[in-house]
Amino acid sequence: MCGIAGQLTRSNSGIDLTGSTKVMIEQLTHRGPDDMGIWKDESSGICLAHRRLSILDLSPHGHQPMCSPDGRFIIAFNGEIYNHVLLRKELENVDSHSSSIQWRGRSDTEVMLAAISHWGVHEATKRFTGMFSFALWDRNERSLYLVRDRVGEKPLYFGWVGETLLFGSELKALRSHPNWRGEIDRDALALYMQFNYIPAPYSIYKSIKKLEPGCITKISENGSMDDVELQRYWSLQDIVTQPRQNISDIAAIEQTESILSAAVKRQMVADVPLGAFLSGGVDSSLIVALMQNQSIQPVHTFTIGFNETSFNEADHAAAVAHHLGTEHTEFYVSPQDAMNIIPLLPTLYDEPFADVSQIPTYLLSKLTRDHVTVSLSGDGGDELFGGYNRYLWGANIWDRIKYLPLPLRQVFAALLYKPSPSSWDKFFSIFGFLLPNRFQYSSAGDKLHKLAKLVSANSANDVFFELISLWKGTDIVLGSKAVKTLATDPSHWPSNLGFSEFMMYQDTQSYLPDDILVKVDRASMGVGLESRAPFLDHQLIKLAWSLPLNMKIRNTQGKWLLRKILHKYVPRDLIERPKMGFGVPIGDWLRGPLRDWAEELLDESRIHSEGYLEAAPIRKKWNEHLSGKLNWQDHLWGILMFQAWLDI
């Protein structure tokens with residue numbers, strides 16, 4: 001796991017290629033503390049740089065940027081290619097009747113270069129199984145290729161600043177270039193206010209884009225942004241439009257366990273200590289169970305706990321760890337521990353980002369890095385196998401309310417809104433035992449207020465966007481207009497999906513890469529930890545989408561298939577409980593210890609003078625939140641993270 005940066009500039013630009021690129025890559029030392037390398041070709045105006053976190057082949061043979069033996073290709077690569085050993089053997093076989101490859105070391109980077117030399121960029125990339133972003137210079141074509149993995153586990157930003165194309169793993173590298181001029185993109189800011197993250201291909205800056213997952217872009221030596229060729233070598237839309245299998249439960253369980261076990265085995269290969277995040281939920285518990293099943297030593301597992309019961313899963317994680325026999329480490333976080341992280345967030349995430357679980361994710365990564373260098377996680381299980389609560393009740397709600405007159409639904413919504421979330425929570429804590437298990441949710445008050453938003457929707461798609469949206473961005477961001485994203489553009493919507501599958505597809509396209517994976521990448525790389533996600537193996541994604549929905553959601557419960565596999569390793573009573581989010585009580589903290597900090601950032605005159613946001617609706621929600629009548633924590637956290645980022 002590493003960081004990459006570089007530039008392609010006009011040869012007569014007067015830029016000090018080595019010096020300016022060195023400044024860029026030094027901003028990414030946290031991503032790769034073990035080594036640094038720079039390569040340039042002054043005549044072409046190209047310079048590549050790399051920071052290395054040594055995971056495979058710790059010797060100097062893994063040093064980057066790396067040149068192919070024939071000198072044609074130079075690569076700066078961030079990530080891991082899990083099938084590099086198989087590719088190495090395949091390349092040796094295809095070259096067996098000619099001159100054999102003279103390998104210099106054991107790194108996956110060297111295999112990538114050999115594969116690209118043999119099959120070409122596009123065909124080689126299709127053969128890579130892993131998480132990756134890389135920059136590749138082709139000396140023959142005098143062209144730069146920028147490539148990103150299928151799901152978007154590894155980040156890559158790029159864009160023209162004057163006569164120079166800049167690219168890198170994080171925006172802080174681009175911002176350090178001497179020619180940098182960054183203008184905030186108000187349209188992207190409006191998207192951020194809607195989702196609390198900025199979806200690809202947008203970034204917070206007008207001139208800079210995120211390379212979309214599954215894409216290769218090619219820029220010629222004398223090209224411009226208008227000349228950029230963007231090609232998609234892998235498409236989730238193509239995957240989900242394939243017919244579903246007619247398959248038995250037993251066969252589906254066997255296939256899923258086999259492919260997931262193989263993915264776990266590949267991702268356990270490292271030349272450094274390795275462990276796993278463990279929350280005690282279905283996804284992380286299954287990953288740890290499959291790891292322990294294939295390990296002769298106890299797997300190292302890590303969790304953080306909270307003294308606030310509604311946010312704490314540490315006891316559940318400890319029970320699972322004890323049953324599986326892992327070497328388990330836990331750390332209970334105090335409010336002060338969590339709040340100490342908040343000043344770091346704008347720099348850590350580099351552009352506005354407001355998933356409150358970014359705080360515990362960073363703390364968990366920091367705890368884990370004290371013991372290991374690589375950690376596996378359960379990310380992706382919810383999106384692929386129907387784990388989020390909205391998949392379960394979103395369609396049910398719409399089916400029940402769509403025939404009711406809108407005015408009647410609006411009255412019902414008003415009744416749900418009348419008690420505050422805390423009042424609902426108090427009610428459920430007293431009388432919840434009278435309800436069936438499927439209605440026993442944590443944070444019931446917040447969920448009922450979300451339900452109130454949904455009952456006024458006009459269509460199933462409106463229900464989904466109500467579920468995932470916060471502010472109407474164009475109403476709150478001055479001078480902004482609505483722009484299309486993969487989530488909001490109907491041309492990217494497969495026509496063969498029911499409502500629950502539509503939500504799963506949308507989350508996999510946008511929420512997963514632009515929120516979940518951003519959160520994990522920046523938090524883990526911020527402390528020099530490599531995080532791997534076996535659920536995101538592209539063969540498993542293909543299998544998951546080939547299965548009918550009732551293999552995922554059955555009997556009003558999500559992840560049916562994963563539960564069936566997990567129950568082979570862990571007793572049901574250690575797993576079966578209401579789903580919890582991975583968060584902190586930020587709503588309460590904003591009324592308490594964070595109130596002064598928030599008040600300063602939300603000052604009405606300050607917001608007016610900055611000139612980006614409408615102050616009145618923000619102050620209205622802030623006052624309502626402080627009163628305790630309503631919980632606007634997610635809306636306000638988005639505003640606060642933008643304001644804090646703007647400060648930095």
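A: A crossing of two helices is left-handed if the near helix is turned anticlockwise from the far one by less than a right angle, and right-handed if clockwise. Helices are DSSP runs of H or I with at least four residues, strands are runs of E with at least two, and both are numbered from the N terminus. The model here is predicted, with local features needing pLDDT of at least 70 and side-chain atom pairs pLDDT 80 or more, while totals for chains, interfaces and linings use all residues. Residues are numbered from 1 along each chain as its sequence is written, and side-chain values use heavy atoms, without hydrogens or water.

Q: In which hand does α15 pass α21?

A: The crossing of α15 and α21 is right-handed.

Q: At what angle do α15 and α21 pack, and how far apart are their axes?

A: An axis is a line fitted to C-alpha atoms, for helices over the stretch in contact, and the angle, from 0 to 180 degrees, is taken between N-to-C directions. For α15 (residues 389–401) and α21 (residues 499–525) the angle is about 140 degrees, and the axes are 9 Å apart. The two are therefore oblique; angles under 35 degrees are roughly parallel, over 145 roughly antiparallel, 65 to 115 roughly perpendicular and the rest oblique.

Q: Which residues make the contact of α15 with α21?

A: Contact means heavy atoms within 4.5 Å. On the α15 side the residues are Arg390, Tyr391, Gly394 and Ala395. From α21 come Phe499, Ser500, Met503, Met504, Asp507 and Tyr511. By class, the residues in the contact of α15 with α21 are 6 nonpolar, 2 polar and 2 charged (nonpolar: Ala, Val, Leu, Ile, Met, Phe, Trp, Tyr, Cys and Pro; charged: Asp, Glu, Lys and Arg; polar: the others, Gly among them).

Q: How are α8 and α9 placed?

A: Helix α8 covers residues 249–267 and helix α9 residues 282–293; their axes come within 9 Å and cross at roughly 70 degrees. α8 is therefore roughly perpendicular to α9. Glu257, Leu260, Ser261 and Val264 of α8 are in contact with the α9 side, made of Leu286, Ile287, Leu290 and Met291. The contact of α8 with α9 has 6 nonpolar residues, 1 polar and 1 charged.

Q: What angle and axis distance apply to α27 and α28?

A: Helix α27 (residues 615–627) packs on helix α28 (residues 633–647) at about 130 degrees, with the axes 10 Å apart. The pair is therefore oblique, and the crossing of α27 and α28 is left-handed. In α27 the contact residues are Ile618, Lys621, Trp622 and His625, which meet Gln633, His635, Leu636 and Ile639 in α28. The contact of α27 with α28 divides into 4 nonpolar, 3 polar and 1 charged residues.

Q: Now the backbone: is the peptide bond from Gln64 to Pro65 cis or trans?

A: The bond from Gln64 to Pro65 is cis, and its omega is near -5 degrees. Pro65 sits in the loop between β3 (46–52) and β4 (66–67). The bond from Ala200 to Pro201 is also cis, with omega near 10 degrees. Pro201 lies in the loop between α6 and β10 (208–210).

Q: Is phi of Asn196 positive or negative?

A: Phi of Asn196 is near 70 degrees, which is positive in a residue other than glycine.
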